[in-house]
Amino acid sequence: MHCAACVARVDRALTAVPGVELATVNLATRQAKVKFNPRLTNPAALTKVITEAGYEVEGVSQEQRAPRSPEAEVKEFRRRFLLALVLSLPVWLSMIPPVADAAGLSHHTLAYILLIFTTPVMFYSGASFFTGAWSAARHRSTNMDTLVALGTSAAYFYSAWVTFFPDTVAAAGHDPAVYYDTAVMIITFILLGRWLEARTRGRASEALRRLFALAPPTARVRRGETEQEVPLAEVAVGDLVVVRPGEKIPVDGVVAEGNSSVDESMLTGESMPVPKEPGAEVWGATLNLRGFLVFKATRVGRDMVLSQIIRLVDEAQTSKAPIEALVDRVAAVFVPVVMGLAALTFLAWYFWGPPPALSRAIISMVAVLIIACPCAMGLATPTAIMVGSGRGAELGILMRGGEPLERGYRLTTVVFDKTGTLTRGAPQVTDVHTWERWSIDAVLAHAAALEEKSEHPLAEAVTHAAKAQNLALPRVDDFQAVPGQGVEAKIDGQAVLLGNLAFLAGQGVASEELAGYQDRLSREGKTAIFLAVGGKPVGVIAAADTIKPRAAQTVAALKAMGLKILLLSGDNKMTAAAVAASIGIDEVLAEVLPGDKAKKVAELQAAGEVVAMVGDGINDAPALAQADVGIALGTGADVALEAADLTLIRDDLDLVPAAIKLSRQMMRIIRQNLFWAFCYNVVAIPVAAGAFYPIWGWTMNPALAALAMAMSSVSVVTNSLRLRRFGG
């Protein structure tokens, strides 16, 4: 029999891991059954926790206990690509007549050398294409891998046959040329695309790892008369957790003791810190600013708001089905047709062709397979992505691979976050109104003198405004703060009050004029701070999170592109509506929590909209991941950048319409490339098969097939290079 403490330890450890969807610990069988999401948690670490407590593990295979990380996958593709590139260069160069002549080697000797260079590229670097083709064949299907395997195999094995038996080709009246360059060219270029794709997948999981890092690893818990620091996984519901000024709050809970202000912008998007007093709710991974708090833990582990955000980001990324490439869709039909035509070509030449029938049949069949090689198709997407993404980087737009392109091409709606995206993300003093012949400088100086000693969320904005004017601050005596309302003190022997309207009214300083200012400023999305001296109001300071300079022009440009614009914010309705009205946005969704942001985007998608989400904060990460195209500002949180499809390096809203235009242009280029690649195949395959031989005596040597394929590739690359001229 083993102790209940071990069971509790395992249960707490599993509960603290957001990736664990189901965990049961069986006392009788000493087994822990686990269902988990491998993208969210480390199976090896999870297994270690369970086994150390004396339990066996079910639901975790040996392979999952030591899984290959995304970084290992990227390294593997890079290794295979670089090997292919190094070995391919001599093969390509040998196909250039002056280079081949300079080498001084006979044609026969050169063929053997090229065979040695090509074989590792085929069967090591290109192994995944053959395994992919075999996997598709087992399921009675075909895909891009099938096309690559067929084309490269035709070029490679025909060339090997010519290398060992050149006389059989010469007997058929053809030059015994080899096409090893065709095989290595296809594999190398398509491997480059696969490597870039693997890097994109690795960056997607990095967003989740960054989210995990937001929570502190330990918590200070008050148990009995003592405080002890325990691992985060050991915090239980009901524990009293102590948080000092400047520390992160470890779990969700309700304040039991103390007063403070908490920076919750990473969750809510609200730029101003939120006052906390007994009874107020606090959330894990938010930052306690100045006060001392003791709170009762109410949600830990996977029940925390942070864990829910992690789950939402993961669900959005995994439910966003990878775009089925146009090449694969066509390949499902194209490959069987090519295989059938190749077989018919062989049979027709073998039974009805002129002698030597077998040699002509094989050569014609190989010509069909080579001409159908997907080199141009394989280059169609990666070349456009490389050129376009390079041009985007020059403009300040980073693009995560090719997956967002098709979605960006069909965008109908752009959703903007407010705080930090359309606004600067921090409150600033916008207006100062005075009475009783007080000057603006005098009101600011008195207010800043009080705010220097205050923990009020707007204190920094007021003091910053006074410093910008180089104002001398008067001496403050008898300072006293009233949490959540304001401060009172004495300056030059006079009683001074600074705070909200309710605070002044409670001190007997109120009027209809002050209430009018309060209402007007609220409608404008501003916060009013009133100053009274000697029992009389002398000024009001308005503070707000100000709008970025080019916000209105950006919205107008997007509307001109035919896109619908929405504002999505965790801020209050009045403030959000004021910001939206000032920059020309008609539809506003306000007071929306992080989980609901992703839900609102999903609702738009369910209604048939193709949605781009523009944001910068941690609270935007689920919505950025859920959106068809997530656009993150480079000045924002790392998690938002990782969850997004496009990242704008500069804090420049003009880059939003430029990024959408670039993605649209790249998609147009890719579609043009694919059209010409397939068009070339459709026209050239009948010639290679010998369809015109009975009429005009036309046949196609495999050398001509390889040349035609190369010209098709050149046209695709040339078309992609037009993206270099994109101007934004």
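The model is predicted: local features need pLDDT of at least 70, side-chain atom pairs count only at pLDDT 80 or more, and totals for chains, interfaces and linings use all residues. Residues are numbered from 1 along each chain as its sequence is written, and side-chain values use heavy atoms, with hydrogens and water left out.

Color by burial. Of the 728 residues, 50% count as buried (buried is under 20% relative accessible area, exposed over 50%, partly exposed in between; 1.4 Å probe, protein chains only).

Next, select helix 19, residues 459–468. Its buried residues are Ala459, Ala461, Val462, Thr463, Ala465 and Ala466. Show what covers them: strand 15 (423–434), helix 18 (440–451), strand 19 (527–533) and strand 20 (536–547) are included. Step on to Asn470, which follows helix 19 and has a positive phi, near 55 degrees.

Now the salt bridges (a side-chain nitrogen of Lys or Arg within 4 Å of a carboxyl oxygen of Asp or Glu). The structure holds 15.

- Select Arg299 and Glu281: their side chains meet at 2.6 Å, N to O. Arg299 lies in strand 12 and Glu281 in strand 10, so the pair ties together parts 18 residues apart in sequence.
- Select Asp654 and Arg550: the closest N and O atoms are 2.9 Å apart. Both sit in loops, and the pair ties together parts 104 residues apart in sequence.
- Select Glu609 and Lys564, at 3.3 Å between closest N and O atoms. Lys564 is in strand 21 and Glu609 in the loop between helix 24 and strand 23.

How values were computed:
Helices (H or I, at least four residues) and strands (E, at least two) are DSSP runs, numbered from the N terminus. Contact means heavy atoms within 4.5 Å.
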